[in-house]
Amino acid sequence: MANVRSFEIPTVMKHGVGAVNTLADDARAMGMRRPLLVTDPGCVRVGLLERAAKPLREADMDYVVFDRVAPNPPIALIDEAAALYVSEKCDGVIGIGGGSSMDTAKSVGVVAQNGGSILNYEWADPQPIQKRIPPTICVPTTAGTGSEVTLWAVITDPKRKIKFNVGGTSRIGAWMALIDPELALDLPAPFTAGTGMDALAHAIECYTCAYAQPLPDATALLAMEYVGQYLRVAYAQGHNIEARYKMAMAAMLGALSYGTESAGAAHAMSQSAGGVHDVPHGALTARVLGPVMEYNYMGEPQKFARIAQALGKDTRGLSVFDAAEMAVEAVYELTEDLAIPTLQDLGFEESEIPTLAKIAFDDPQTIGNPRDLTVRAYEAIYERTFEMGKK
Ligand SMILES: [Fe+2]
């Protein structure tokens, strides 16, 4: 209670329809002459790279493209992109895409400025990040990860079959986020659903975790309200710009809720399991979020009652515990309405539960969870998640 906390954010946030149009001016203003554009083949295929890079071409800006970002980016990919940055004598990074592209962009900056491999910076061990990343602009094309404003990047280690975090310091934060909701208009419904639920998970986990503090509590609650009001709309009407804008803001606000800390059991589970099976982070997180909340709500009943209200539930006349339980119900309803794939759909098998529970327990995000955890508790949460997937 009232422990000393800090909150930092080094990122200028510009948002709204057309925000990406000033990309060249903003890049120049922070000293970029030859940026590395980091993106993924999907963004190239649907024309998003073309669209986002248009201001750079119109301004005759010289740039280099690295367009091979894969979902859940592995160590080797980061190191390869960083080597390209150095050999091409780039002087800034522009990440265009979802969380994987933006995490790669920020990580390229870490390696380019601090040397070695991105593996050296796993949870700041063995090496903390000493130098701030070079000028970096993130342009999100989904509304979920919020990597454009977080102080984290998530990297996959295929050898150990785990994902680990790099960051927890403003030195990895993007210099600027250009959040333009028009870039998400063509995002297919299943991606809208998964990424939107990821934004909700960030807000809920950070709001209820041991590191919570007033400023991120405020951003988390508004993120939940926006998700409650607009995620179903964005899912049902991909071209509804108001819903896309509010979801872009929900992603940004949910991500701000992290501060320098990390999430809780849902992310401990989804990040560790995501190292075992290469599946979308949003869908996996969404599937475990309800069962994790069902396990957690008795640890922070007042806060879970507020979550229920933020998600639109009428809790008048209910006891705090009954209201808290409604938060769980609200998330289960959202999960079903958005047709989030089950763990079974994602390729997981119940025989994997002991392994999945063990690696979730070993994930550092277990520590901040609002209810004490054991390996057995994780097994029970996984059992419940599989059970929910059978209905
Ligand atoms: Fe996430």
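A residue is treated here as buried if 20 or more other C-beta atoms lie within 10 Å of its own, as exposed if 12 or fewer do, and as partly exposed in between, with the C-beta atoms placed from the backbone. The structure is a predicted model, in which local features need pLDDT of at least 70 and side-chain atom pairs count only at pLDDT 80 or more, whereas totals for chains, interfaces and linings use all residues. Residues are numbered from 1 along each chain as its sequence is written. Helices (H or I, at least four residues) and strands (E, at least two) are DSSP runs numbered from the N terminus.

Most residues other than glycine have a negative phi. Asp-60, in the loop between helix 3 (48-58) and strand 3 (64-66), has a phi near 55 degrees, a positive value in a residue other than glycine. Asp-60 counts as exposed, because it has 7 C-beta neighbours inside 10 Å. Ala-339 is placed in the loop between helix 12 (320-337) and helix 13, and its phi, near 50 degrees, is likewise positive in a residue other than glycine. With 13 C-beta neighbours inside 10 Å, Ala-339 counts as partly exposed.

The domain assignment, whose bounds come from an automatic or database source, gives domain 1 (12-184) and domain 2 (189-389). The centres of domain 1 and domain 2, taken over C-alpha atoms, are separated by 25 Å. With contact defined as C-beta atoms, placed from the backbone, lying within 7 Å, 33 residues of domain 1 are in contact with 32 residues of domain 2. On the side of domain 1 that touches domain 2, strand 1 (12-15), strand 6 and strand 7 each supply at least two residues, and strand 6 gives the most, with four. For the classes used here, Ala, Val, Leu, Ile, Met, Phe, Trp, Tyr, Cys and Pro count as nonpolar, Asp, Glu, Lys and Arg as charged, and the others, Gly among them, as polar. By this division, the side of domain 1 that touches domain 2 has 14 nonpolar, 14 polar and five charged residues.

Gly-173 is found in the loop between strand 7 and strand 8 (176-179). Gly-173 is buried, with 24 other C-beta atoms within 10 Å, and, when residues up to four places away in sequence are not counted, it touches Ile-9, Pro-10, Thr-11 and Leu-151.

Helix packing was described with axes that are lines fitted to C-alpha atoms, for helices over the stretch in contact, and with angles that run from 0 to 180 degrees between N-to-C directions. Helix 4 (residues 75-87) and helix 5 (residues 99-114) pack at an angle of about 65 degrees, and their axes are 8 Å apart. A crossing is left-handed if the near helix is turned anticlockwise from the far one by less than a right angle, and right-handed if clockwise; the crossing of helix 4 and helix 5 is right-handed. Helix 4 contributes Leu-77, Ile-78, Asp-79, Ala-81, Ala-82, Tyr-85 and Val-86 to this contact, and helix 5 contributes Thr-104, Ser-107, Val-108, Val-111 and Ala-112. By class, the contact has nine nonpolar, two polar and one charged residues.

Leu-119, which lies in the loop between helix 5 and strand 5 (136-140), is partly exposed, with 18 other C-beta atoms within 10 Å. Leu-119 and Asp-79 are 40 residues apart in sequence and 9.1 Å apart in space, C-alpha to C-alpha.

Notes
Two residues are in contact if their C-beta atoms, placed from the backbone, lie within 7 Å.
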